[in-house]
Amino acid sequence: MNERVIAVVTAGLTTPSSSRLLADQLSAAVADELSGRGISSRIETIEVRDHAHDLTNNLLTGFPSAELREVLETVEAADALIVVSPTFSASYSGLFKMFFDVLDDQALAGKPVLLAATGGTERHSLVLDFALRPLFAYLKALPVPTGVYAASTDWGPNAAGLRPRITQAAGELVAALHHETPTKSDPFTNPTPFEDLLNS
Amino acid sequence: MQFGVFSVGDVTEDPTTGVTPTEGERIKAMVAIALKAEEVGLDVFAQGEHHNPPFVPSSPTTQLGFIAAQTSKIILSTSTTLITTNDPVKIAEDYAMLQHLADGRVDLMMGRGNTGPVYPWFGQDIRNGIALAVENYALLRRLWREDVVDWEGKFRTPLQGFTATPRPLDGVPPFVWHGSIRSPEIAEQAAYYGDGFFHNNIFWPISHTKQMIELYRRRFEHYGHGAADQAIVGVGGQVFMRKNSQDAVREFRPYFDNAPVYGHGPSLEDFTRETPLTVGSPQEVIERTLSFREHFGDYQRQLFLMDHAGLPLKTVLEQLDILGEEVVPVLRKEFAALKPAHVPDAPTHASLKAAAERARQLETIDEPAVVAEPTAEESTR
Ligand SMILES: Cc1cc2nc3c(=O)[nH]c(=O)nc-3n(C[C@H](O)[C@H](O)[C@H](O)COP(=O)(O)O)c2cc1C
């Protein structure tokens with residue numbers, strides 16, 4: 001079956017959300033790019049806002065609700081990830097970070113990620129490289145070189161400037177898909193034999 | 001099947017009155033709870049070990065010894081004994097001593113502890129958590145089973161010709177449970193030795209607990225201790241009961257909402273759905289507890305958390321009356337009726353002593369039949 005699953009994590013708060021708008025344009029561009037190569041795609045878009053209470057509860061109790069668990073598993077199982085955070089106080093938003101705080105720290109290892117952010121001012125576009133990129137480096141994900149930042153003006157007079165960046169980033173994400181993602185061994189199916197634990 | 005209570009030993013303000021017990025009051029309350037547990041016919045009282053406020057029980061054998069002197073039937077246990085940061089030599093000695101004083105009414109649940117700073121306070125490194133649990137327990141087993149031990153490991157000073165004293169009562173070490181929440185390695189350890197496995201599930205969804213228990217059972221069989229359904233499993237539970245379900249919910253809600261660990265998080269209703277917490281009538285507790293069996297198989301030990309989050313002692317003692325009078329007798333009957341004959345009960349001092357005697361008799365009957373291990377050379381021929 002030649003299908004790729006792209007998970008989209010978008011953390012906008014307002015309705016309509018400019019982060020969601022950007023997320024939809026990015027995922028459409030990635031789907032186009034894939035179909036151009038004869039590959040079909042399934043886009044799983046996750047609005048972090050819908051899980052805000054569950055995320056707080058997970059931080060407090062140490063385990064995700066059944067609903068949140070499903071969402072986390074979707075992200076973990078996806079072939080690639082698109083993430084979009086609104087810029088809050090010159091960084092990703094707290095809610096966006098919470099999502100990646102509760103995700104297993106190995107869940108994104110080796111996974112191609114397209115980094116994107118929205119903001120009020122274009123002067124904060126380096127949030128992509130100074131905030132998002134180190135976070136995904138820590139998570140051992142593979143962020144593609146081009147990130148996409150959309151300030152308020154990008155939805156008006158500068159819209160023409162946004163388009164090529166979206167296409168560029170989508171192309172890079174699809175190219176990165178050829179990476180083999182490392183398969184994780186399930187400790188419940190293959191536990192470390194006790195002799196190995198004793199002798200290590 | 002064994003039923004009992006386990007106490008964390010937290011000193012927490014009663015959110016409905018603003019009253020916080022003193023440490024002394026809390027310690028005495030734990031004793032009162034243990035005595036009540038015996039009085040209402042429960043089988044086990046287990047207590048935690050902690051080395052930081054707001055918890056009081058830093059010296060479990062002092063407290064359990066005091067309880068042993070005032071009880072005659074109930075098994076005294078731990079939930080948990082910190083196998084990572086306690087010296088295994090001291091665990092061997094403390095619990096053998098307690099065994100003698102309590103006439104064998106002692107078992108232990110090993111745990112790695114959930115408080116990071118405890119490791120450096122006791123000269124250890126949390127990154128060695130699993131390795132410490134593995135090495136310390138391997139030494140503890142030898143100290144209880146061999147009269148003279150020569151030993152060298154990574155984490156404590158070597159031992160030369162060392163004898164832990166007193167020797168275990170009747171030469172039978174206390175039964176050990178391995179308490180775990182999320183580490184498959186601990187399920188593996190329990191399975192390897194054929195020890196008990198206790199999943200501390202009270203804050204966890206049933207799907208996770210099931211996965212851990214299934215792993216332990218599968219590996220128990222793999223290591224040749226019996227069939228998977230003969231492995232020795234224990235789980236926790238957390239209940240609050242009143243005759244009318246709504247009264248239980250109304251009374252417990254402020255304690256739940258302000259509880260350490262999960263307070264100010266999920267709603268009582270969400271948490272009840274996701275974890276074993278049951279707030280309602282005794283009948284609801286009976287039904288919920290019986291349902292555990294469908295997920296975990298026939299199991300041997302059910303402990304309830306009854307005394308945390310600032311619940312006053314008076315309320316806890318009332319809860320124990322309900323548990324002992326209305327809930328446990330029904331559960332005993334129902335679980336026993338469902339359990340197939342080949343599934344064993346949890347080992348006790350008496351059963352372990354009898355098994356040791358049987359093994360000794362078999363040895364003398366078979367006397368000269370000492371089977372030598374083939375040497376490497378022989379086995380390759
Ligand atoms: C608390 C807060 C802090 C913000 N800080 C910044 C900022 O430092 N830089 C910036 O460019 N925009 C900032 N903004 C504006 C948001 O980034 C912008 O409104 C975003 O595009 C909203 O995304 P949404 O429509 O998807 O919710 C801030 C907004 C809020 C509410």
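Let's start in chain B, where Pro54(B) sits in the loop between strand E2 (44-47) and helix H2 (60-69). Helices here are DSSP runs of H or I with at least four residues, and strands are runs of E with at least two, numbered from the N terminus. The peptide bond that leads from Pro53(B) into Pro54(B) is cis, with omega near 10°.

Before I go on, a word on the model. It is predicted, so local features need pLDDT of at least 70 and side-chain atom pairs count only at pLDDT 80 or more, while totals for chains, interfaces and linings use all residues. Residues are numbered from 1 along each chain as its sequence is written, chains are lettered from A and ligands numbered from 1 in the order in which they are written, and side-chain values use heavy atoms, with hydrogens and water left out.

Back to the backbone. There is a cis peptide bond between Ser79(B) and Thr80(B) too, with omega about 15°. Thr80(B) belongs to the loop between strand E3 (75-78) and strand E4 (81-82) of chain B.

Two residues have a positive phi without being glycine. Ser89(A) has a phi of about 45°, and you will find Ser89(A) in the loop between E3 and strand E4 (91-92) of chain A. Asp103(B) has a phi of about 55°, in the loop between H3 and strand E5 (107-111) of chain B. Are these residues buried or exposed? Ser89(A) is exposed, at 78% relative accessibility, and Asp103(B) is exposed as well, at 62%. Our scale is this: buried is under 20% relative accessible area, exposed is over 50%, and partly exposed is in between, using a 1.4 Å probe and protein chains only.

Now the ligand. Which residues come nearest to it? There are 17 residues around the ligand, and Thr14(A), Ser17(A), Ser19(A), Thr87(A) and His124(A) come nearest. A residue counts as near if one of its heavy atoms lies within 4 Å.

In chain A, helix H1 (18-36), strand E3 (80-88) and strand E5 (112-119) each give the shell at least two residues. E3(A) has the largest share, with three residues. By type, the shell has twelve polar residues, five nonpolar and no charged.

A polar side-chain atom of His124(A) is 2.6 Å from a nitrogen atom of the ligand. The side chain of Thr14(A) has an N or O atom 2.7 Å from a ligand oxygen. At Leu13(A), a polar backbone atom is 2.8 Å from an oxygen of the ligand. On its own the ligand has 640 Å² of accessible area, and the protein covers 69% of that; areas come from the Shrake-Rupley method with a 1.4 Å probe, and for residues only the protein chains shown count as cover.

On to aromatic rings. We pair rings of Phe, Tyr and Trp (its six-membered ring) if their centres lie within 6.5 Å; planes under 30 degrees apart are stacked, over 60 edge-to-face, and the rest tilted. The count over all chains is 26 aromatic pairs. One of them is Phe292(B) with Phe296(B), a tilted pair at 6.0 Å centre to centre and 40° between the planes. Both sit in helix H10 (residues 282-296) of chain B, four residues apart, about one turn of the helix. Phe296(B) also pairs with Tyr299(B): the centres are 6.4 Å apart and the planes stand at 70°, so this pair is edge-to-face. Phe296(B) is buried at 2% relative accessibility, and Tyr299(B) is buried at 3%.

Last, salt bridges: a side-chain nitrogen of Lys or Arg within 4 Å of a carboxyl oxygen of Asp or Glu. Lys314(B) and Glu318(B) form one at 3.1 Å, N to O, and both lie in helix H11 (residues 313-338) of chain B, four residues apart. Lys314(B) is exposed at 61% relative accessibility, whereas Glu318(B) is partly exposed at 27%.

Key
Polar contact = N/O pair within 3.5 Å; in protein donor to acceptor, adjacent residues only side chain to side chain. Nonpolar A, V, L, I, M, F, W, Y, C, P; charged D, E, K, R; others polar.
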